[in-house]
Amino acid sequence: MSRAKPNDSERSITAGSDFLHLTVADAPPGGRADWLAGRLRQAIAEGRVPIGARLPATRVLAADLGVSRGVVTEAYQRLTEEGHLAGRGRAGTLVVGAPGAPPAPPPAPAAPAEPAVLFPPTPGSDIFDAVRAARATIDLTPGVPDLTAFPRADWLRSERAVLGRVAAADLGYGDPCGAPALRGAVAAWLARNRGITVDPVDVIIVAGVSQAVGLLAQALRPAGIDHIAVEEPGSLGVRQHLNNWQVVTPPVRVDDAGLRVDELVASGLPAVLLTPAHQFPTGVVLDGDRRRQLLDWARAGGLIIEDDYDAEHRYDRPPVPALRGLLPEQVCYAGSVSKLLAPALRVGWLLVPQRLRAAVVAAKRNADLGNAVLPQLVLAELMTSGALERHLRLLRRRHTRRRDAMITALARHLPTATVHGAAAGLHLTITLDDAAVADTELAAATLARGVKVQPLSWHCQRPHRPGLVLGYAARTATEIDEGVAAVAAVAAALAPTNRPARSAQEELHEHEHGQQRRPA
């Protein structure tokens, strides 16, 4: 049975509104419009109703407060005459100005860190945040994809397709391992592109490789593995993630064939984390003999953590198959779309041996209950529709041109540098002959000229030739040339003036030891 709508006389005088917690009982008799205008004026002045906010419709606020619509209309009119409100037709009544003191000036931006402070010899755990915040005209730091290439049209098309068919139940809390649609799409992607056969139920969706590393650390420490070998040189970021979970990271040397497996065997360490498809930062690929030695070590009980870094971004030959496809019960495998689409998506995947699965899933559940579902479903649509593979082909062509531009610029401006890692990835590493100049000093001086680069020494736990890691994927050919020219100018300015010329015997000795100046 319907109920008649109460009139004003039937309403309680204490009727109020959630809006600003207004209570009409506070209004003096006969002065409700003055009272309401005063309360609104005060709320605007204090910022509780900010400039640009839309006020409730007069009819709605009057009904909530239990007053006539004329009271609200009169209060709004007074504030409009004072310049605080403006009617915008269908958009409603908006706050356009605050009473009282003039608006405070915007806060001054924080002063950027001095370049010398930004590039300490021993970087702290917040170093990458500081580097990202540092302003530069040309950013050549590694690990940054071309974000202007993000496939916005394909993403929107996929998002519309997903929203058109997604069930209400799919919008609730899901499996912490990820949406079934994305786990199936990732399994198919890995089979096509990385030579890995995996059941979709064994795929764990994570927030990038960094989270994958943290989950593995949490699962391995209770199993007695609190020392994990890492490549030398090798990613500072990966070391920091492991160290944050109280995992010790002893270095194992990398040479032109990849990780020195003989040193790994001699170390007696139970596990190793490496980037076999495209080693960071040197760019070498783990060659056939080393792969066989590493797999033999794993069959004898060792655990491999395979970070499939930059595996899709190969230019001179097809990508090498992943180790996970050859020995799934001794290899943990991690990948992501951070370099393929955008780091902001925070989507990756992790495959682990069955004996570790329960512990890793528990750590993922405790971390965040699982990744956001809608981006997972949109990414699955991109993968299954073929849009992601089309995007990858576009990126390979673009990256090849930019890599070639950087090699040309280095040959023109820094001919004495040795170039490493040209066959794949989104960066090149250069090493310098002049050991008298610290690469952190070189990076700091280069930033002072408006060009951001990364010192190679950050990624080394042992003494190493000075060098720089230079990203090229996000820059145009012109910017790359200008950036490398700035690096060269700084290097020349910092070089000792009394450095003796290199003898022919020294050049011959260097050539015989594989350090000739050519792209590695």
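Strand β4 (residues 204–206) is joined to strand β11 by 3 bridges, and the two run antiparallel. Strands are counted as paired if DSSP finds at least two bridges between them. Helices (H or I, at least four residues) and strands (E, at least two) are DSSP runs, numbered from the N terminus. The model is predicted, so local features need pLDDT of at least 70 and side-chain atom pairs count only at pLDDT 80 or more, whereas totals for chains, interfaces and linings use all residues. Residues are numbered from 1 along each chain as its sequence is written, and side-chain values use heavy atoms, with hydrogens and water left out.

Buried means under 20% relative accessible area, exposed means over 50%, and partly exposed lies in between (1.4 Å probe, protein chains only).

A further set of 4 strands forms an open sheet in the order β12-β13-β16-β15, with antiparallel pairing. Strands β12 and β15 (454–455) stand at the edges with a single partner strand each, so one side of each is left without a neighbour in the sheet. The pairing of β15 with strand β16 (residues 467–471) is made over 2 bridges, and the bridge partner of Q454 in β16 is V469.

The loop between β12 (418–420) and β13 (427–431) holds A424. This residue is buried, with a relative accessible area of 1%. Residues up to four places away in sequence aside, A424 touches H278, H313, R314, Y315 and Y472, where contact means heavy atoms within 4.5 Å. Between A424 and Y315 there are 109 residues of sequence separation, but their C-alpha atoms are 5.7 Å apart in space.

Two helix pairs were examined. Helix α7 (residues 180–193) packs with helix α14 (residues 387–413) at an angle of about 45 degrees, with the axes 12 Å apart. That angle makes α7 oblique to α14. Axes are lines fitted to C-alpha atoms, for helices over the stretch in contact, and angles run from 0 to 180 degrees between N-to-C directions. Angles under 35 degrees count as roughly parallel, over 145 as roughly antiparallel, 65 to 115 as roughly perpendicular and the rest as oblique. On the α7 side W189, R192 and N193 take part, and they meet L388, E389 and L392 of α14. By class, this contact has 3 nonpolar, 1 polar and 2 charged residues. Ala, Val, Leu, Ile, Met, Phe, Trp, Tyr, Cys and Pro count as nonpolar, Asp, Glu, Lys and Arg as charged, and the others, Gly among them, as polar.

Helix α15 (residues 439–448) and helix α16 (residues 477–494) pack at about 125 degrees, with axes 9 Å apart, and are therefore oblique to each other. Residues E441, L442, A445 and T446 of α15 make the contact with V487, V490, A491 and L494 of α16. The contact of α15 with α16 has 6 nonpolar, 1 polar and 1 charged residues.
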